[in-house]
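Please examine the structure shown below.

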Amino acid sequence: MTDSPWQLLVLTAGAMEDLGIAMAPHCGAVRRIYFHGELGCGKTTLIRGLLRGLGFGGAVRSPTFTLVEPYTMDEREIFHFDLYRLNDAEELEFIGAREYLQGEGLCLVEWAERGKGFLPAPDVDVMIRKVEEGREVQFESRSEAGAELIRGLARNRGAAGQ
């Protein structure tokens with residue numbers, strides 16, 4: 001059902017946003033993408049690019065204080081979660097996150113590890129690590145839809161990930 005992890009080196013913030021744009025055409029059946037990495041590594045920048053690639057032209061705000069920011073594009077609902085300030089995964093129940101996460105919309109979750117025990121399995125885990133040259137971004141599929149996203153992205157970006 002899943003493939004091996006796929007990774008690439010991203011050198012600039014602009015390239016990180018471009019990577020998000022490149023992900024967009026391959027998100028058709030994907031319902032949940034979880035983003036992991038330390039503060040300031042580029043999670044929101046990658047999501048901004050993904051939202052741009054899906055057709056959103058407005059400002060992309062990190063929902064650090066509201067926990068979730070909804071978007072609707074071409075009749076598709078997208079929910080951007082930022083769980084950085086979450087104290088307990090059960091807080092997600094109070095904001096109605098279960099409805100978002102089990103629905104047909106696309107859920108993009110930053111700091112997903114803070115929702116452990118509440119969040120359902122993702123289609124794709126994205127791990128971003130700061131390295132000397134920029135950012136190492138690793139994609140790991142958790143479902144067939146996630147595997148399709150990664151295969152499509154790898155085909156378009158080159159097998160070496162550059």
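Helix α1 passes α2 in a right-handed crossing, a term for the near helix being turned clockwise from the far one by less than a right angle. The model is predicted: local features need pLDDT of at least 70, side-chain atom pairs count only at pLDDT 80 or more, and totals for chains, interfaces and linings use all residues. Residues are numbered from 1 along each chain as its sequence is written, and side-chain values use heavy atoms, with hydrogens and water left out.

- The contact (heavy atoms within 4.5 Å) involves A13, M16, E17, L19, G20, I21 and M23 of α1, together with T45, L46, R48, G49, L50, R52 and G53 of α2.
- Helix α1 spans residues 13-23 and helix α2 residues 43-53; they pack at an angle of about 45 degrees, with their axes 6 Å apart.
- The two helices are therefore oblique to each other, the class left after angles under 35 degrees (roughly parallel), over 145 (roughly antiparallel) and 65 to 115 (roughly perpendicular).

- K43 lies in helix α2, and K43 is buried (under 20% relative accessible area), with a value of 4%.
- Leaving aside neighbours within four places in sequence, K43 is in contact with F35, H36, G37, E38, E110, W111 and I128.
- A polar atom of the K43 side chain lies 2.8 Å from the backbone oxygen of G37, and the side chain of K43 also reaches the backbone oxygen of E38, at 3.1 Å.
- K43 and V126 are 83 residues apart in sequence, with their C-alpha atoms 8.8 Å apart in space.

Note on methods: Axes are lines fitted to C-alpha atoms, for helices over the stretch in contact, and angles run from 0 to 180 degrees between N-to-C directions. Helices (H or I, at least four residues) and strands (E, at least two) are DSSP runs, numbered from the N terminus. Buried means under 20% relative accessible area, exposed over 50%, partly exposed in between (1.4 Å probe, protein chains only). A polar contact is a pair of N or O atoms within 3.5 Å; within protein, one must be able to donate a hydrogen and the other to accept it, and residues adjacent in sequence count only if both atoms are side-chain atoms.
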